[in-house]
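Student: I have a model open on my screen and I'd like to learn how to read it. Could you take me through it feature by feature?

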Amino acid sequence: MRSKDVRPEAPLLPGRTIGILGGGQLGRMIALAGRAMGYRFAVLDPAEEAPARPVADVFVRGEFSDRAALLRLGAASDVVVYEFEHLDAEAVAALAESVPVPQGTALLRLAQHRALEKAALSAGGFPVAPYAAIARPEDWPAALRTVGLPALLKTTTGGYDGKGQWRLRTAAEAAAAEAIVRAAFRETGAGRSGEARSEGDAAGARFILERELAFRAELSVIVARRADGAMATFPPAENVHVRGILHRSIVPARVPKTVEERAVELARAIATHLDAVGLLAVEFFWLKDGALVVNELAPRPHNTGHYTLDAASTSQFEQFVRAVSGLPLGAVRLWSPVVMVNVLGEHLPALLKALPTLDPRFKVHLYGKAEARPGRKMGHVNILADSVEEALRLAEATGVWPELQAERENP
Ligand code: ADP
Ligand code: MG
């Protein structure tokens, strides 16, 4: 029987092999959770020292653009998933001809392209920040006029952890951004005026200009969804970003219950509308006027769900494996208030120094990355305490994260 004849509803049982496109920390934590359940793992990644490699049964070293490498992963797998969205969707679609890819490629195409994602959310009636797609240099003046300042210029593809983004607050910064946009179009010669406008516009957009919203808090909700539509959600996380990178997640979020409920409802509605299978993380801005606006989507495990590894009865990684395998979704209970703090390259030396005397309420997760570059995600810490305030105090007292002290002194 060829793998593609496996009906998606037939559960994939332990003993079978799950292939993962991407061997970063998310792939590593998926494999660690799935191995505990009895699954085998095959991982594709271009990096010799990919974090998931030591916990995989099979490692295929190759570029994600290398279709032969993708097929090699597929041949070693009973099902293939992806742990990041910056993939060639055509190549993943080709792979899906020979092996089930339960997450599919439709949502992948949206989640890897900010203009398509925003257009799909708007079309579905979900609130997004005012934005304009920029498909050619001539689009700039109107984009700036409709969006106004302050704004963020974002590349439509390839961005993550605040990369590919420029914050525009002044006319001078807007002029500099226009130069970036014009140079980008000049370099490739694409996006000439006179090209068909209309529906190709979102797909052809190279940038979006998006209004910068003055939010009270950022929230995220992770939804697990199976192919048959069954869903389970994790408690919303309150997220703080520093320089575009997630610094910490706070659970329960310090927002009214009604806001939490609305966020969960919206996330479930989006997962259903987009027919997500596996996990869908939905990032929100909670605005001063009480409105919830969707920031972006991730069709995979998400950094803001790492708290579930220690503080919830089912982790996002186990839930992901259950969802793509067609097993029953696990019950999600929050055992304790928790604060998850990311360990970036610049935090690692201080964390390692503090490790031998760390408070027993700290749960440390490190990804086994050799090189600790500034801004690189090396690990995270889950701090389980009687309240999130106490967990935040414990985090600050370690001195590992100077940002915590700086924020308290300069809120
Ligand atoms: P990434 O893919 O890098 O996570 P995001 O669009 O989520 O990109 O942006 C990263 C962070 O930058 C957000 O979590 C938020 O803190 C800030 N940000 C992005 N867009 C806006 C916006 N429109 N208004 C205010 N802050 C924003
Ligand atoms: Mg984001």
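Tutor: Let's begin with burial: a residue is buried when its relative accessible area is under 20%, exposed when it is over 50%, and partly exposed in between, using a 1.4 Å probe on the protein chains only. By that rule Arg226, with a relative accessible area of 16%, is buried. Keep in mind that this is a predicted model, where local features need pLDDT of at least 70, side-chain atom pairs count only at pLDDT 80 or more, and totals for chains, interfaces and linings use all residues. Residues are numbered from 1 along each chain as its sequence is written, chains are lettered from A and ligands numbered from 1 in the order in which they are written, and side-chain values use heavy atoms, with hydrogens and water left out.

Student: Where does Arg226 lie?

Tutor: First, the naming: helices (H or I, at least four residues) and strands (E, at least two) are DSSP runs, numbered from the N terminus. Arg226 is in the loop between strand 9 and strand 10 (231-233).

Student: And what does the side chain of Arg226 reach?

Tutor: For this you need the polar contact, a pair of N or O atoms within 3.5 Å; within protein, one must be able to donate a hydrogen and the other to accept it, and residues adjacent in sequence count only if both atoms are side-chain atoms. The Arg226 side chain reaches the backbone oxygen of Gly326 at 3.1 Å. Plain contact means heavy atoms within 4.5 Å. Leaving aside neighbours within four places in sequence, Arg226 has contacts that include Val277, Ala323 and Leu329.

Student: How do I read a helix with one side covered?

Tutor: An α-helix has 3.6 residues a turn, so residues three or four places apart point the same way. Now look at helix 6 (residues 140-147), where Trp140, Ala143 and Val147 are buried. Viewed down the axis of helix 6, these buried residues fall within an arc of 60°, so they line one face of the helix. The arc is taken from the directions from the helix axis to the C-beta atoms. Arg145 and Thr146, on the other side of helix 6, are exposed.

Student: Which elements do the buried residues of helix 6 pack against?

Tutor: They pack against strand 5 (131-134), strand 6 (151-155), strand 7 (165-168), helix 7 (171-188) and strand 8 (207-211). After helix 6 comes Gly148, with a positive phi near 75°.

Student: What are the protein donors of the magnesium ion (ligand 2)?

Tutor: Donors are N, O and S atoms within 2.8 Å of the metal (3.2 Å for Na, K and Ca), and water is not among the atoms, so sites may look incomplete. Here they are Glu283 (OE), Glu283 (OE) and Glu296 (OE), lying 2.0 to 2.7 Å from the magnesium ion. Glu283 lies in strand 13 (residues 278-287) and Glu296 in strand 14 (residues 292-298), so the pair ties together parts that are 13 residues apart in sequence.

Student: Is Glu283 buried or exposed?

Tutor: Glu283 is buried, at a relative accessible area of 10%, whereas Glu296 counts as partly exposed at 23%. Strand 13 is mostly covered, with 10 of its 10 residues buried.

Student: How do strand 13 and strand 14 pair?

Tutor: Two strands pair if DSSP finds at least two bridges between them. Strands 13 and 14 pair in the antiparallel sense over five bridges, and Ala281 has Ala298 in strand 14 as its bridge partner. The two strands form a hairpin with four residues between them, and Gly290 in the turn has a positive phi of about 95°. Strand 13 also pairs with strand 9 (residues 215-225), antiparallel over 10 bridges. There, Val221 has Val282 in strand 13 as its bridge partner.

Student: Which residues come nearest to ligand 1?

Tutor: A residue is near a molecule or strand if one of its heavy atoms lies within 4 Å of it. Of the 18 residues around ligand 1, Lys154, Gly162, Glu210, Arg211 and Glu218 come nearest. A side-chain N or O atom of Glu210 is 2.7 Å from a nitrogen atom of ligand 1. For Arg114, a side-chain N or O atom is 3.0 Å from an oxygen atom of ligand 1. Glu296 turns up again: one of its polar side-chain atoms lies 2.8 Å from an oxygen atom of ligand 1.
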